[in-house]
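Could you walk me through this structure, element by element? I would like to know what packs against what, and which residues stand out along the way.

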Amino acid sequence: MPERRHGSFFGRRKGHKLRTHQAGLITHLLPRLALNVTDPTPSDLSVLFGKPVDAVRLEIGFGGGEHLIAEARSLPDCGFIGCEPYVNGMAKILTEIDSRQIGNIRLFAGDAAELLAWLPAHSLARIDLIHPDPWPKRRHWKRRFVQNATIAAMARVLAPRGEFRFVSDIDDYSAWTLAHLLRSPDFIWLADRASDWRRPWDGYTMTRYGRKAEREGRRATYLRFRRKG
């Protein structure tokens, strides 16, 4: 099987060899938490969590899972879906879920575009995209997650006044994202002053990659967009 399917927004799916415990979690815990987009779309996402939840949020490409774990722990009555195609990232978050006994996270180990197509309309309160792969070469820009089609897909699944939040330390990708979202008829940019995009929002958990970017002198941009309606 090739490591990257045609049309996907990600590259390689596996890095270094998993530890024995991590491999066991992939085998035994992930199937209990994983969403299957070949199943019928649920009318209420609460059924995925086995209990009523106040809202459901999605994080696309959660990497090592630092932000997603922090959000899930701080909001136990909210349901979270984490999408990550890389096996090593999935193994890291499973280790945290297992050790901390976190019950309000469900996972999808695949292409976020497929997940967005499967989710019911107006079912999410928020979507986070934090430090995505910027695909810096022009010929690769079509692989960036933020495209007109995915913006429309996010608009479909976000509830009215739901939010899309984006973080990147790559200025070109931040400008790309802002330009695409400003053209969208479905979103409003939530910024009144420069500090609104230069500083993290309240409660933001810095990821390992974000700390590395800061050490190397790269300043991140923090963008928030509200779904109209």
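The buried residues of helix α3 (residues 66–74) pack against β1, β2 (79–83), α4 (87–100), β3 (105–108) and β4. Those buried residues are His67, Leu68, Ile69, Glu71 and Ala72. Here, buried means under 20% relative accessible area, exposed means over 50%, and partly exposed lies in between, with a 1.4 Å probe and protein chains only. Helices (H or I, at least four residues) and strands (E, at least two) are DSSP runs, numbered from the N terminus.

A word on the model before we go on. It is a predicted one, in which local features need pLDDT of at least 70 and side-chain atom pairs count only at pLDDT 80 or more, while totals for chains, interfaces and linings use all residues. Residues are numbered from 1 along each chain as its sequence is written, and side-chain values use heavy atoms, with hydrogens and water left out.

Let's turn to Phe49, in the loop between α2 (30–33) and β1 (56–60). Phe49 has a relative accessible area of 6%, so it counts as buried. Setting aside neighbours within four places in sequence, Phe49 is in contact (heavy atoms within 4.5 Å) with Val56, Gly79, Phe80, Ile81, Asn104, Ile105 and Arg106.

Next comes helix α6 (residues 148–157), whose buried residues are Thr150, Ile151, Met154, Ala155 and Val157. Their cover includes α5 (112–118), β4 (124–130), β5 (158–168), α7, β6 (187–189) and β7 (221–227). For a view from helix α7 (residues 171–183), look at His180. His180 is buried because its relative accessible area is 9%. Not counting residues up to four places away in sequence, His180 touches Val146, Gln147, Asn148 and Ile151.

Strand β5 brings us to Arg165. Is Arg165 buried or exposed? At 10% relative accessibility, Arg165 counts as buried. Apart from neighbours within four places in sequence, Arg165 is in contact with Arg126, Ile127, Asp128, Leu129, Trp201, Leu223 and Arg224. Arg165 and Tyr222 are 57 residues apart in sequence, and 7.5 Å apart in space from C-alpha to C-alpha.

Most residues other than glycine have a negative phi. His122, in the loop between α5 and β4, has a positive phi of about 55°. His131, in the loop between β4 and α6, also has a positive phi, near 50°.

Finally, let's visit the surface. Arg208, Arg211, Lys212 and Arg215 gather there in a patch of positive charge. Patches are made of residues with over 30% relative accessible area and no salt bridge, joining like charges within 9 Å and nonpolar side chains (Val, Leu, Ile, Met, Phe, Trp, Tyr) within 5 Å. A salt bridge is a side-chain nitrogen of Lys or Arg within 4 Å of a carboxyl oxygen of Asp or Glu. Lys and Arg count as positive and Asp and Glu as negative, with His and the chain ends not counted. One member of the patch, Arg215, lies in helix α9 (residues 208–215). With a relative accessible area of 66%, Arg215 is exposed.

How values were computed:
Accessible areas come from the Shrake-Rupley method with a 1.4 Å probe; for residues, only the protein chains shown count as cover. The place of a charge is taken as NZ of Lys, CZ of Arg, CG of Asp or CD of Glu.
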